[in-house]
Amino acid sequence: MSRDHVQSAERSATGAGATVGSAEAPFLELLARGASAEAYEQPVLLARAEGRPAEWVAALERAKLTALRVRAELEGRRRREAELSALFETAHDLAGLRDLDAVLQAIVQRARSLLGTDVAYLSLNDPEKGDTYMRVTEGSVAARFQQLRLGMGEGLGGLVAQTARPYVTEDYFKDDRFQHTVTIDAGVRDEGLVAILGVPLMLGHHVIGVLFAADRRARVFEREQIALLGSFAALAAAAIDAANLLAETRSALAGLEKANEIIQDRSGVIERASDVHDRLAEVVLRGGGVHDVAAAVSEVLDGTVQFTEASAAPAEALEASRSEGHAVRHADDWIAAVAAGGELLGALVLRGHPGLDPVDQRTLERAATVTSLLLLARRSAAEAEQRVRGELLDDLLDARDRDPRLLRERAARLHADLDATHVILAARLDGVSADADQEAAARRRLWAAASHLAATRHGLAAARDGGTVLLLPLDQGDTATELARRTAVHLGTAVHEAVTVGASAPVANLAARPDAVAAGYEEGRRCLDTLRLLGRHGDGSAAEDFGFLGLLLAGDRDVAGFVDRTIGQVVAYDERRGTDLVRTLDAYFACGMSPARTKDHLHVHVNTVAQRLERVGRLLGDDWQSPARALEIQLALRLHRLSAPAPK
């Protein structure tokens with residue numbers, strides 16, 4: 001505060017009728033301007049320098065102390081109100097909830113629902129007793145489990161609390177990374193839990209509890225699911241923090257009655273924060289996207305807020321925001337990292353707004369939290385839709401559901417029309433990887449690409465027999481052959497590998513004829529096998545293109561006799577014993593005569609493959625793997641498969 005300002009305030013304070021109480025005037029001006037704490041020393045220092053009376057200096061000292069207390073109370077009020085107003089509901093089941101228990105229960109319920117687990121629960125640390133207790137459970141049925149109190153450092157939750165990092169176990173009782181106790185193991189065993197994921201609830205750098213999701217069977221939690229649970233843990237921690245801050249705020253309000261006029265000067269900030277709360281809640285409830293969140297915050301902050309990919313944001317500022325958990329300034333912009341767990345999903349950027357109120361900064365940070373939740377929820381929804389499409393196609397292939405009305409309803413929910421004419425396509429990668437993990441990853445990429453194609457074409461897709469099967473509608477004027485070739489090109493481009501596609505003849509009215517899907521799939525597979533036999537890798541074709549193959553195999557050629565002479569003993573053995581030697585032989589040759597890849601293809605143990613091949617050797621002779629015999633056996637297997645009737 002300048003010397004002129006102080007003297008002006010003092011002159012007005014020492015005018016006609018002024019009292020010692022008028023010493024508050026310069027400090028009220030400082031409060032109104034939001035001056036720094038150091039500025040409150042200036043009126044006292046100036047009075048002493050000018051030799052003012054001792055009672056006037058004493059009055060200034062008392063006024064200064066009072067003003068500093070008011071300023072401290074006001075700063076605390078502003079900080080608490082900013083944090084409370086930034087608590088946003090994640091979906092409609094959180095809208096309107098203000099009770100802490102109700103908020104935590106809703107968060108646990110939603111975490112369980114989106115992760116698809118049997119149980120979800122939340123534990124909080126008890127500093128007074130030095131242990132951890134169950135606060136909220138969802139899906140739990142065991143009373144002992146619900147009443148667990150655990151010593152610090154015990155169990156999976158103790159490991160999470162100690163390291164402040166998420167931990168997951170596929171099989172709780174076989175995992176020795178954390179300390180097992182009789183009490184915890186008994187509770188977990190009563191509940192029947194096997195796979196458990198735990199993420200920390202953090203307030204600053206302190207762990208206040210753990211949020212869990214668990215299944216009663218072995219399960220691998222994906223990175224996205226861990227990140228999603230981490231987002232819910234952040235919201236749960238914020239809800240707990242907000243409840244504590246609310247109690248502190250209510251207590252502080254009693255001491256702020258004399259500063260009511262000053263608080264009113266800051267009411268615009270509170271109203272703006274409330275406006276942000278309402279706008280973001282509305283965006284979430286009506287199913288808005290990340291750009292809707294950016295637009296809403298742009299209006300509130302009176303600036304331009306944009307969502308950008310992580311690669312497009314300033315790397316140093318983005319990393320600082322992610323590590324600190326706050327929006328950071330970059331030149332004239334502000335950067336708020338949009339992150340979930342350890343994954344950077346992008347950034348919210350406030351353009352050309354170098355001066356930012358702390359409340360507005362908190363608003364930008366909370367908008368980034370809402371954006372991360374929306375992105376993860378959309379990702380989970382897309383993955384769930386892919387699984388549902390695959391389940392419907394699996395049911396059609398296995399003819400599990402024969403009610404046309406129910407089939408049509410299930411398809412309609414996925415925007416598919418089973419009354420339209422469709423083509424069943426069998427697709428498989430042609431490259432054979434020496435590494436089983438690489439081959440499994442390639443198959444997952446093929447399934448993901450096929451699922452995306454099916455969703456955009458209003459069809460269905462599922463993983464099957466080491467490849468992928470698609471059910472796609474056939475447009476008017478299109479042919480099954482053209483559709484197969486386009487699909488082969490599309491999938492090959494998506495996975496960067498050659499993909500061969502065999503298609504069935506067009507099939508109509510699938511809801512009333514579920515068996516036709518299985519028959520069409522077998523037809524597409526035979527077409528696929530023929531393409532691969534002919535060396536047409538990466539190509540697509542339909543069954544109708546191979547009419548010559550029927551002529552080649554017809555006439556007086558004793559196809560059945562050749563098959564019987566070559567592999568008849570194996571076929572007969574399967575029929576008598578109900579074994580699977582023919583399929584094992586087929587997979588063995590398809591996998592390059594590698595038992596390791598064959599066991600991955602058949603999803604059995606390598607010892608099982610070895611035992612089956614040993615039985616084949618006893619039936620066909622020791623030289624069955626010689627080049628000449630192997631060629632005859634593969635040809636017989638192909639003919640046997642092509643001549644077999646489609647399953648009904």
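Reader: Buried means under 20% relative accessible area, exposed over 50%, partly exposed in between (1.4 Å probe, protein chains only). So, buried or exposed: where does E191 fall?

Author: E191 is buried, at 2% relative accessibility. One caution: this is a predicted model, with local features needing pLDDT of at least 70 and side-chain atom pairs pLDDT 80 or more, while totals for chains, interfaces and linings use all residues. Residues are numbered from 1 along each chain as its sequence is written, and side-chain values use heavy atoms, leaving out hydrogens and water.

Reader: Fine. Which side chain does E191 meet in a salt bridge?

Author: R216, at 2.6 Å, N to O. A salt bridge here is a side-chain nitrogen of Lys or Arg within 4 Å of a carboxyl oxygen of Asp or Glu.

Reader: What does that pair tie together?

Author: Parts that are 25 residues apart in sequence, because E191 sits in helix 8 (182–191) and R216 in the loop between strand 6 (206–215) and helix 9 (223–253). Helices (H or I, at least four residues) and strands (E, at least two) are DSSP runs, numbered from the N terminus. R216 is partly exposed, at 31%.

Reader: And R217, what is its partner?

Author: D215. The closest N and O atoms are 3.7 Å apart. D215 is buried, at 0% relative accessibility, and R217 is partly exposed, at 48%.

Reader: How many salt bridges in the whole structure?

Author: The search finds 29. Another one of them joins R525 and D465, with 3.2 Å between the closest N and O atoms. R525 is in helix 18 (515–533) and D465 in the loop between strand 12 (460–464) and strand 13 (467–473), so this pair links parts 60 residues apart in sequence. D465 is partly exposed, at 27%.

Reader: Which residues do shared partners join into a network?

Author: E41, R48, E61 and K64.

Reader: New topic. How do the axes of helix 21 and helix 23 cross?

Author: At roughly 105 degrees, coming within 10 Å. Helix 21 covers 581–590 and helix 23 covers 606–620. The two are therefore roughly perpendicular; that label covers 65 to 115 degrees, with under 35 roughly parallel, over 145 roughly antiparallel and the rest oblique. The axes are lines fitted to C-alpha atoms, for helices over the stretch in contact, with angles from 0 to 180 degrees between N-to-C directions.

Reader: Which residues meet there?

Author: L581, T584, L585 and Y588 from helix 21 meet R612, L613, R615, V616 and L619 from helix 23. Contact means heavy atoms within 4.5 Å. The residues of this contact divide into six nonpolar, one polar and two charged. Nonpolar takes in Ala, Val, Leu, Ile, Met, Phe, Trp, Tyr, Cys and Pro; charged is Asp, Glu, Lys and Arg; polar is the others, Gly among them.

Reader: Now A449. What does it touch?

Author: L491, A494 and V495, leaving aside residues up to four places away in sequence. A449 lies in helix 16 (436–456) and is buried, at 12%. The C-alpha atoms of A449 and G492 are 9.2 Å apart, across 43 residues of chain.

Reader: How many helices and strands in the chain?

Author: 24 helices and 15 strands. Of its 648 residues, 48% count as buried. Among contacts between residues at least 6 apart in sequence, 64% join residues at least 24 apart.
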